Amino acid sequence: MLLPDRHLVADLLARYRAWERLVLADPLDETTRRRFEDVAYTLCVLMGQRTAREAIWQAEAYLRRIRPVPLFPERTESAAPGLRDGAPGFREEASRPGRAVPD
């Protein structure tokens with residue numbers, strides 16, 4: 001079975017929530033409502049559901065199941081000398097333990 005790209009699902013959920021807030025702020029704006037419905041329809045098709053509520057539930061469950069893929073893989077022992085954590089010229093960043101930042 002083919003699974004949707006998790007980044008696309010997360011993006012569509014974020015768009016859905018944003019358009020939902022705009023529709024709730026101005027329910028009579030037809031352009032906003034039409035775009036909201038377009039995103040809801042796309043989410044339904046992507047998740048294989050008939051209603052937006054079911055599609056949202058399915059998308060959120062899908063995102064919880066999928067383990068995130070790191071954008072930047074952690075450094076390994078084969079990293080070049082001088083680029084590893086604790087090497088001269090690097091300091092530890094307080095907000096992200098275990099990461100080194102150039103001085």
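Start by selecting helix 3: at 1.5 Å a residue, its 14 residues should span 20 Å, and its end C-alpha atoms are 20 Å apart, so the two agree. The expected span here is 1.5 Å times one less than the number of residues in the helix. Keep in mind that this is a predicted model, in which local features need pLDDT of at least 70, side-chain atom pairs count only at pLDDT 80 or more, and totals for chains, interfaces and linings use all residues. Residues are numbered from 1 along each chain as its sequence is written, and side-chain values use heavy atoms, with hydrogens and water left out.

**The whole chain**

Zoom out for a moment. Helices (H or I, at least four residues) and strands (E, at least two) are DSSP runs, numbered from the N terminus. Colour by accessibility next: of the 103 residues in the protein, 22% are buried. Buried means under 20% relative accessible area, exposed over 50%, and partly exposed in between, with a 1.4 Å probe and protein chains only. If you draw contacts (heavy atoms within 4.5 Å), then among those between residues at least 6 apart in sequence, 40% join residues at least 24 apart.

**Back to helix 3**

Which residues of helix 3 are buried? Select A55, I56, A59, A61 and Y62. Their cover includes helix 1 (6-25) and helix 2, so let's visit both partners.

**Helix 2 against helix 3**

Show residues 30-47 for helix 2 and 52-65 for helix 3: they pack at an angle of about 60°, with axes 9 Å apart. The axes are lines fitted to C-alpha atoms, for helices over the stretch in contact, and angles run from 0 to 180 degrees between N-to-C directions. Helix 2 and helix 3 are therefore oblique to each other. Angles under 35 degrees count as roughly parallel, over 145 as roughly antiparallel, 65 to 115 as roughly perpendicular, and the rest as oblique.

Helix 2 passes helix 3 in a left-handed crossing, the term for a near helix turned anticlockwise from the far one by less than a right angle (clockwise would be right-handed). For the contact itself, pick A40, L43, C44 and M47 on helix 2, then A52, A55, I56, Q58, A59 and Y62 on helix 3. By class, these are nine nonpolar, one polar and no charged residues. Ala, Val, Leu, Ile, Met, Phe, Trp, Tyr, Cys and Pro count as nonpolar, Asp, Glu, Lys and Arg as charged, and the others, Gly among them, as polar.

**Helix 1 against helix 3**

Select R6, V9, A10, L13, Y16 and R17 in helix 1, which meet A52, I56, A59, E60, Y62 and L63 in helix 3. This contact has nine nonpolar, no polar and three charged residues.

- T32 sits in helix 2 and is buried, at 11% relative accessible area. Leaving aside neighbours within four places in sequence, T32 is in contact with W19, L22 and V23.
- A18 lies in helix 1 and counts as partly exposed at 28% relative accessibility.
- R35 belongs to helix 2 and is partly exposed at 47% relative accessibility. The C-alpha atoms of R35 and Y16, 19 residues apart along the chain, are separated by 9.3 Å.
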